[in-house]
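Please look at the model first.

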Amino acid sequence: MTKKERYHFVLDYFQTHVPAAETELIYDNPYQLLVAVILSAQCTDKRVNITTPAIFASFPTVYDLAKTDFDTLFPYIKSISYPNNKTRHLINMAHMVVNEFNGEIPMTVDELVKLPGVGRKTANVITSVVDAQPNMAVDTHVFRVSARIGLTVNAKTPLAAEKQLITYIPKELVHIAHHWLILHGRYVCVARNPKCEICGLRPACKYYQAMLRKNKSNSIPYAG
Ligand code: SF4
């Protein structure tokens, strides 16, 4: 199978079986999504979704968040990983959005990465989820699943994986392909024991094909 055929198979499979993939973070507007994505670093979406309703109720706009202080915000965030850093990031992010972007969440990757707590992955998530921009956020799931299937080859960093993926995925599908790969990694192609037996990508998956070859060569030939 050529690389092009592999991409075609995988994208076709997801389009047919998971046509409406979307983020599992709960949000109503770009401000809320940005807060949720900053909080989601090294933390599950489930935990973030438990935490954000109280934050959004007490700080409904970025202006409210900019007005608060560390000691007021920290209790809302303390059950999440890295609460000290994230509390600081959120307040500093809000200051910058208010002071430098007139209270509007910027919608380009170059602007977003200037905000405290926002790296390239977060900026890609925001612009692709809110604005369907063809930006591929590569998290641990996307990185692992893409390498196993063979969509990426020898990608040593998330940026290298991102570049390979956006070279082959049609622009109009990049924003949803991000969710397809994340959800596949979360529920099927899990880190320790991928559930290959229930996976529809087996015919196109390099990892699975290699496993089949290995099992075949290890099996004892019938001598009867
Ligand atoms: S066949 Fe297995 S390794 Fe390949 S994508 Fe599916 S679950 Fe992952």
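Which residues that surround the ligand are the closest? They are Cys189, Pro194, Cys196, Cys199 and Cys205, out of 13 residues that surround the ligand; a residue is near a molecule if its C-beta atom, placed from the backbone, lies within 6 Å of it.

The model is predicted: local features need pLDDT of at least 70, side-chain atom pairs count only at pLDDT 80 or more, and totals for chains, interfaces and linings use all residues. Residues are numbered from 1 along each chain as its sequence is written.

Helix H9 (140-149) and helix H12 (206-218) each supply at least two residues of the ligand shell; helices are DSSP runs (H or I, at least four residues) numbered from the N terminus.

The chain is divided into domain 1 (3-21 + 136-215) and domain 2 (30-131), with bounds from an automatic or database domain assignment. Their C-alpha centres lie 29 Å apart. In all, 8 residues of domain 1 are in contact (C-beta atoms, placed from the backbone, within 7 Å) with 4 residues of domain 2. Helix H11 (residues 171-187) gives the most to the domain 1 side, with 3 residues.

Leaving aside its neighbours within four places in sequence, isoleucine 126 is in contact with Pro30, Leu33, Leu34, Val37 and Leu112.

Note on methods. Contact = placed C-beta atoms within 7 Å.
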